[in-house]
Amino acid sequence: AMLMGEHDFLAFRGAPRGKSDKIKFAAQDTRCNASDITVSVTSDDGWLNSSVITIAITADRFVYKMIRFIVGSMVGVATDKLDFDDLQ
């Protein structure tokens, strides 16, 4: 719920690659409106005995590598490598 709504996702944007990206990134609006975030876990009782975690994010726009960094942060909090308050 913390990521829902309109926020500036600059902290979740990847670094620019090269001069053209730096120019594009300087003009890019990093405010996005996340309208839905769903996390689901599917267990496989087969020989691998594994689980698949699916994270679906719906927003009006995304910034470069935003989803990758959001998911990484969620994993960090779940594995106690990040404190939840660090994301705020």
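Here is a short chat about a predicted model and its fold.

Biologist: Hi! Before we start, what kind of model is this, and how are residues numbered?

Modeller: It is a predicted model, in which local features need pLDDT of at least 70, side-chain atom pairs count only at pLDDT 80 or more, and totals for chains, interfaces and linings use all residues. Residues are numbered from 1 along each chain as its sequence is written, and side-chain values use heavy atoms, with hydrogens and water left out.

Biologist: Thanks. How many helices and strands are there in the chain?

Modeller: Two helices and three strands, following the pattern β-α-β-β-α along the sequence. Helices (H or I, at least four residues) and strands (E, at least two) are DSSP runs, numbered from the N terminus.

Biologist: And in what order do the strands sit in the sheet?

Modeller: The order is β1-β2-β3, in an open sheet with antiparallel pairing. The edge strands are β1 and β3, each pairing on one side only. On average, neighbouring strands are turned by 45° against each other, direction ignored. Axes here are lines fitted to C-alpha atoms, for helices over the stretch in contact, and angles run from 0 to 180 degrees between N-to-C directions.

Biologist: How many bridges join β1 to β2?

Modeller: Four, between β1 (residues 5–8) and β2 (residues 31–43); one of the partners in β2 is N33, which bridges to E6. Between β2 and β3 (residues 51–59) there are nine bridges, and S43 stands opposite S51 in β3. Two strands pair if DSSP finds at least two bridges between them.

Biologist: Where does helix α2 lie?

Modeller: Helix α2 (residues 66–78) lies across β2 and β3, at about 130° to β3.

Biologist: Switching topic: which residues make up the largest nonpolar core?

Modeller: Eight residues: L3, F9, F12, C32, I57, V63, M66 and I70. A nonpolar core is a set of buried Ala, Val, Leu, Ile, Met, Phe, Trp, Tyr and Cys residues joined through side-chain atoms within 4.5 Å.

Biologist: Why does F9 count as buried?

Modeller: Because its relative accessibility is 2%, and buried means under 20% relative accessible area, with exposed over 50% and partly exposed in between (1.4 Å probe, protein chains only). F12 counts as buried too, at 12%.

Biologist: What is F12 in contact with?

Modeller: Leaving aside neighbours within four places in sequence, F12 contacts L3, V63, Y64, K65, M66, F69, I70 and S73. Contact means heavy atoms within 4.5 Å.

Biologist: What about S73, buried or exposed?

Modeller: S73, in helix α2, is buried, with a relative accessible area of 13%. Not counting residues up to four places away, S73 touches F12, L82 and L87.

Biologist: How many aromatic pairs does the search find?

Modeller: One in the whole structure: F9 and F12, tilted, 6.1 Å centre to centre with 50° between the planes. Rings of Phe, Tyr and Trp (its six-membered ring) pair if their centres lie within 6.5 Å; planes under 30 degrees apart count as stacked, over 60 as edge-to-face and the rest as tilted.

Biologist: Last one: what radius of gyration does the chain have?

Modeller: The chain has 16 Å, whereas a compact globule of 88 residues would be near 12 Å. That radius is taken over C-alpha atoms, and the globule rule is 2.2 Å times the number of residues to the power 0.38.
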